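Open the model in a viewer and keep the selection tool at hand. The stops below go from the domains to their contact, then to a helix and the core.

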Amino acid sequence: MATLFKDVYIADGSRTKAERVHLLVSKGRIAQIIDASQTPPAADKIISGRGHMAVIPGFVNAHTHAAMILLRGLGEEAPLMEWLQNKIWPVEDKLTPEYIYWGTLSAMLEMLATGTTCFADMYFEMERVAEAVLGAGMKAALCRGITAGAPGKIERSLSNNLDLAKNYHGREGLITVQLGPHAPYTVPMDYMRSITDAAKTNGLGVHFHFLETKGELDNLGMSPTDYLKESGLLNTPYTVLAHAVWLDPKTELPDNVSLVHNPCSNLKLGSGIMPLTEWLERGAVVALGTDGASSNNRLDMWEEMRTASLLHKGATMNPVCVSALDVLRMATYEGARAFGFAQKGMIQEGWFADLVLVNLDKPHYIGVNEENLAAYLVYAGSSADVLGTMINGRWIYRNGEYPTLDAEEIMIKAREARDAITR
Ligand SMILES: [Zn+2]
């Protein structure tokens, strides 16, 4: 089935100017893009934009813990370590595979309604997360969060993560799997090396929390450069470092290493501000993520784009840095490539039709045109403008409805799970 977006604006992180086009989606891909002044191609379904709709790439939330929506609101306004140790970890102990399944689905409702087509998730019971993702037809980069604990726990978690890769990596083109050592303060160095060795042997990427707080840097016991070298993180097929708030932007990073900026979570936990402008000047791959909903508390990439762009302008007193185009690219293409999704995150013929349909027929878009669309989206727009979210050419969210998910049942089950773990 072919869907035609007739007379819509398109914008992505590679276009300095938006374009007014007819965009044809067929067989899950962007089949054709032609100027809106030309005769539109034939299609089974036609969405008539009349110049009042935009199509942008679906967002990639490059660092989250989806099921943590079940912990939203617990332990507000506390520093990271206090929050984790006193509020989060004790409640997480009560999570069952079923709770995580329904919690993840509920997070997916939020993400889909705000235009996210893919999320990078680190948690546990990831088989259930994978089933939730496949059932919905969403995309995800999944890893099992590996932490030390009782004897044998790390080994079991790693073997569980490798099983996840064996069973789900590449499934239906929707899932990539990484290994997920949690952080320097939860995984001893010896184990870090065995995990990065396993990543190399199995051709897998690694998703890792690195230097989220100043305390983490102070307690690292060596320089970040030495840590990255000694742990083997620089020699994996690819490594994604979430947060990197305290990583010096002069640090040499090879091409296989990317960073994820989580501005709202870092601000809320008082962790500091990542030196994003310097990383971007150096040409580093920096994606954008929300982190879990219990430290954000939204799973909304629009909010993340706007915050990132404003935050660094204010912090560096430079209104030119971290442009609307920069954050749009970080929120889409950079996240996709960081986690091994090819041909995703740009509006290009032949690329996957993972798209967001945006309503420009609203007062805050008066004055929008080809020159300023990206800036309108980032500075004036919000997730309330999302009309639909399409993945592989199929609507997964459209006008408040979820064609592949039972939203009502998901919310009932997620509420029950929340009640059970906070009882
Ligand atoms: Zn995190």
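In this predicted model, start at the domain contact, where 20 residues of domain 1 meet 21 residues of domain 2. On the domain 1 side, select α12 (373-380), β15 (386-391) and β16 (394-398), each of which supplies at least two of the touching residues. The largest share, 4 residues, is that of α12. Coloured by class, this side of domain 1 shows 11 nonpolar, 6 polar and 3 charged residues.

Next, select the largest nonpolar core, a set of 134 residues. Those with the most contacts inside the core are A54, V55, L142, L288 and V327. Helix α2 (residues 97-113) contributes the most to the core, 9 residues. The core lies between domain 1 and domain 2, because both give residues to it.

Centre on L288. Beyond its neighbours within four places in sequence, L288 is in contact with A62, V260, H261, M301, E304, M305, A308, V327, M330, A331 and G335.

From there, go to helix α10, residues 301-316. Its 16 residues reach 22 Å from first C-alpha to last, close to the 22 Å expected at 1.5 Å a residue. Which residues of α10 are buried? Show M301, W302, E304, M305, R306, A308, S309 and H312. End just after α10, at M317, which has a positive phi of about 50°.

Key:
Residues numbered from 1 in each chain as written. Predicted model: local features only at pLDDT ≥ 70, side-chain atom pairs only at ≥ 80, totals over all residues. Contact = placed C-beta atoms within 7 Å. Nonpolar A, V, L, I, M, F, W, Y, C, P; charged D, E, K, R; others polar. Expected span 1.5 Å × (residues − 1). Buried ≥ 20, exposed ≤ 12 C-beta atoms within 10 Å, placed from the backbone. Core = buried A, V, L, I, M, F, W, Y, C linked by C-beta atoms within 7 Å. Domains from an automatic or database assignment.
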